[in-house]
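Visitor: I am new to this structure. Please show it to me, and I will ask as we go.

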Amino acid sequence: MNKIKQHIYKAMLWLLPWMCAVPLASCSFDDDIDTGDDNAPAMLQLSITAREEGDLNTREGTEVGQNSEYMHNLLVLFIQDDKVVKKFLPDLSNDEAAKVGNLKTWTSESFTLTPGTYTVYAFANIDSYFSTAWSSLTGLGDGESLTEKGIDIDNIVLEDNPASKLDLLTYFIPMSAKEEVTVTRSTRNISIGLDRLVSKIRMSITGKPDTKVTALSFSGYADKIGLFSDKILDGEAYTTTKTINIPEDGWSLDSERKLTIPDFYVNSSPVGHPFTVKIKTVETTGIIHDATAVTQRNELPRNSIFPLTLQLNDYGLDLEAQCWVSPIGSLPVEVTVGFTQDTYEITVPEGCQFAFTVKGININGGNTSNITNLTGTWNMPDGVSGIAFDGATTGVTTVKGHVTASAGKTFDLSLLVTWQDNGATYNRTYTVKVVTDDITNFPFKSKTRTPEFGLDYLRHEMLNMFKK
């Protein structure tokens, strides 16, 4: 019986290596042994993603990025006690998605880190085109001190309006992230989400069908951006303007009274700086209109979409015109001045004096009680003869002047009307054609010294731009 046991024991010793080889992992004793050493290096993988764009308005859910709004190049630094502990600068030149700024996620090979707390900096799509500090960051090596290299990552700023340099062909949206990460011996994965450093403006225009837009701009955002949202900019300006490229023949509102402008990017901007939209339109009569309005929103967070609607509302300009002639040997006589509907043409008798008064704004034919600080500023082209203003022309409600004693003359005047409505300031420039006609074509209204005003209304489309 003892001999049988000995044979069995020898057989088990002979089979043991083969049993451990299939599968080998099932006999990995290291996996089953707890060393109890909390300082043992952790085996990790790092994942970097470009986050989905946030929602700033009333739309529900999120919207994924569009083509070329993701990663093109990448740099990741693990910093501890001012020193580079681990650096990733992957070569993405052969990655088809990265070539066109469309790499959504990047995952590293396995690496080890000693347990502890690290500051992780991650950057995508930033190169020397955006910042001269880029080469100093990519040139860092493991173990090198940021202070000794003269690098202050937290205060790096992308200057000179970086959003204006984007073409999504060679230069893509700059992104960054900064996170404090604690690594323990059981940590296996670290995931970092990048923030795009710009805001996307999604603009549409509503109004009268066939209205043509010939110029459009968005301005008032910061001319520089910090790499991180907690950076307070110093010396930034808010006069930067994004001019929208429009075909020579313009864009027309469709039959549904709407025009959608292609999305564009501007630098993210902190709270406290409202944004200005300027638009030039050509409406039914071929008259060009200029308008300026200020948005209610005064912040453009990074990695955000700002939906903005410019609404061309029907306005009525309450404009009073008074004219009179004073022939020798007669008392001053007032005459009727006609306004043609939906035009900016005023026909006056030759040789007359005139007074034009901006009395109010009728919004969609409704109440004007909220209209305040209404003023007008009149101008005429240089070198024009045959018409002259008498007295003040700037910041007034009434302008006075006189025209030549010659019929058939046309004078193009410019009228800038400014007003406030519920705290928002509106401006619009009108082209007003003053035409002289034979005095015999005007009926006398009065031959007394008692003034009687000839009054009519000029109605047209007025821009009223507001945040959707």
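This is a predicted model: local features need pLDDT of at least 70, side-chain atom pairs count only at pLDDT 80 or more; totals for chains, interfaces and linings use all residues.

**A short tour**

Visitor: In which loop does Ser 269 lie?
Guide: Look for β17 (264–267) and β18 (276–282), with Ser 269 in the loop that joins them. Helices (H or I, at least four residues) and strands (E, at least two) are DSSP runs, numbered from the N terminus.

Visitor: Is Ser 269 buried or exposed?
Guide: Buried means under 20% relative accessible area, exposed over 50%, and partly exposed in between (1.4 Å probe, protein chains only). Ser 269 has a relative accessible area of 5%, so it is buried.

Visitor: Which residues lie nearest the centre of the largest pocket?
Guide: On a 1 Å grid over the protein atoms alone, a pocket is an open set of points with protein on both sides within 12 Å along at least five of seven lines, where a 1.4 Å probe fits; lining residues have an atom within 4 Å of a point. By that rule, 17 residues line the largest pocket. Nearest its centre are Ser 229, Ser 268, Ser 269, Pro 270 and Arg 302.

Visitor: Why is the pair of Tyr 129 and Tyr 171 stacked?
Guide: Rings of Phe, Tyr and Trp (its six-membered ring) pair if their centres lie within 6.5 Å; planes under 30 degrees apart count as stacked, over 60 as edge-to-face and the rest as tilted. The centres of Tyr 129 and Tyr 171 are 3.7 Å apart, and the pair is stacked because the planes stand at 20 degrees.

Visitor: How many residues apart are Tyr 129 and Tyr 171?
Guide: The pair links distant parts of the chain. Tyr 129 is in the loop between β7 (116–124) and α4 (134–138), and Tyr 171 is in the loop between β8 (157–158) and β9 (175–183). They are 42 residues apart.

Visitor: Is Tyr 129 buried or partly exposed?
Guide: Its relative accessibility is 35%. Tyr 129 therefore counts as partly exposed.

Visitor: What is the distance from Arg 196 to the ring centre of Tyr 70?
Guide: A charge sits over a ring if NZ of Lys or CZ of Arg is within 6 Å of the ring centre and within 35 degrees of the ring normal. Arg 196 lies over the face of Tyr 70, at 5.1 Å.

Visitor: What is the phi of Ser 68?
Guide: Most residues other than glycine have a negative phi. Ser 68 is in the loop between β2 (54–55) and β3 (74–80), and it counts as buried at 14% relative accessibility. Although not a glycine, Ser 68 has a positive phi of about 70 degrees.

Visitor: In which strand is Asn 373 found?
Guide: Asn 373 also has a positive phi, of about 50 degrees. With a relative accessible area of 53%, Asn 373 is exposed. The strand, residues 371–379, is β25.

Technical notes:
Residues are numbered from 1 along each chain as its sequence is written. Side-chain values use heavy atoms; hydrogens and water are left out.
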